[in-house]
Amino acid sequence: MKRFARLKWLFTGAIIGTLVASGVTALGASTAQFIEVYYNNIKVYIDGEEKTVNDQPFIYEGKTYVPLRFVSESLGKNVQWDSKNASVYIGKPPSGNVTYLENMKTFADETGVRWSNVSEFISNVGKKYIHGINVEFANTTYSRDEYYQFNKSYLLNGKYSEFEAVIDVNEIWNTKPSNQNIGVINIFVDGEQVFAIDKLSSTITEPIPIKIDLTNATEMTIKCKAGSANASYGNIKGGGFGIFEAKFIN
């Protein structure tokens, strides 16, 4: 028999926080909303064997939700919840403590208005990212270069060992003419250039990895600038390209 329930969920990180925790309501944020879910005595089988689930699975908007901790531990993986970075670690966590790019404080900022932090970004081959920044692609409607740049400096003070990230391009390039120069990316550590892409192509099929040694580094600067094209491209508000899953490790 189906059973209906009206639960209070956190608006930010609600599903992950709730399903990793042992209880129904997740804690740690002030903004909340109510959602309607259905219980239907859902059974869970792993390799043909029925398993007992302490926190019952439920259905919400046509999708079935099963506690992440139950699934992971049933498959022999530990689960950890990192509230600081709003991250769930299944199995081995990242080496060292991680601070994502969007959570780092800057001491210098010459960034334009045509960029944004990522909530969800889908690449031209369907990869999904939830951390990082994207830079909007320019056209003749907006010709001021300073609008289409990301230029920030981060104070490290020798606290971090490594910076890792990937560069990727927006799925919208599947519907636009290809372009061999949609952007430029430069990264500097203590004033020395350590990474550079002079012309980023819209046709890449694999993300470009970034891995930078930050041992004893005092500061790091990221400079990105969007390419430009004629008005036939339209305004690509979703972001022409970006730096994703960008994190400082200490």
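Colleague: Hi! How much of the chain is buried?
Modeller: Buried residues make up 41% of its 250 residues. Buried here means under 20% relative accessible area, exposed means over 50%, and partly exposed is in between (1.4 Å probe, protein chains only).

Colleague: Thanks. What should I know about the model itself?
Modeller: This is a predicted model, where local features need pLDDT of at least 70 and side-chain atom pairs count only at pLDDT 80 or more, while totals for chains, interfaces and linings use all residues. Residues are numbered from 1 along each chain as its sequence is written, and side-chain values use heavy atoms, with hydrogens and water left out.

Colleague: How many helices and strands are there?
Modeller: Two helices and 21 strands. Both are DSSP runs numbered from the N terminus: helices are H or I with at least four residues, strands are E with at least two.

Colleague: Which residues touch the most other members of the largest nonpolar core?
Modeller: Phe-163, Leu-214, Ile-222, Ile-243 and Phe-248, in a core of 33 residues. Elements that give two or more residues to this core include β14 (132–137), β16 (162–169) and β21 (236–249). A nonpolar core is a set of buried Ala, Val, Leu, Ile, Met, Phe, Trp, Tyr and Cys residues joined through side-chain atoms within 4.5 Å.

Colleague: And which residues does Leu-214 touch?
Modeller: Not counting residues up to four places away in sequence, its partners include Leu-156, Tyr-160, Phe-163, Val-189, Met-220 and Phe-248. Contact means heavy atoms within 4.5 Å.

Colleague: What does the second core include?
Modeller: That separate core has six residues, among them Ile-35, Val-37, Tyr-39 and Phe-58.

Colleague: On to rings, then. How many aromatic pairs are there?
Modeller: Eight. Rings of Phe, Tyr and Trp (its six-membered ring) pair if their centres lie within 6.5 Å; planes under 30 degrees apart count as stacked, over 60 as edge-to-face and the rest as tilted. Phe-58 and Tyr-65 are stacked, because their ring centres are 5.7 Å apart and their planes are at 25°.

Colleague: Are Phe-58 and Tyr-65 buried or exposed?
Modeller: Both Phe-58 and Tyr-65 are buried. They also belong to one aromatic cluster with Tyr-39 and Tyr-60.

Colleague: How many salt bridges turn up in the whole structure?
Modeller: Three. The term covers a side-chain nitrogen of Lys or Arg within 4 Å of a carboxyl oxygen of Asp or Glu. Another is between Glu-73 and Arg-69, at 3.2 Å.

Colleague: Where are Glu-73 and Arg-69?
Modeller: They sit in helix α2 (residues 68–74), and because they are four residues apart there, about one helical turn separates them.

Colleague: Which parts of the chain does the Glu-162 and Lys-211 pair link?
Modeller: The side chains of Glu-162 and Lys-211 meet in a salt bridge at 4.0 Å, N to O. This pair links distant parts of the chain, with Glu-162 in strand β16 and Lys-211 in strand β19, 49 residues apart. Glu-162 is partly exposed at 21% relative accessibility, whereas Lys-211 is at 61% and so counts as exposed.

Colleague: Last one: why does Ser-87 count as buried?
Modeller: Because its relative accessibility is 7%. Ser-87 is found in strand β8 (residues 87–90). Leaving aside neighbours within four places in sequence, Ser-87 is in contact with Gln-80, Trp-81, Asp-82 and Tyr-100.
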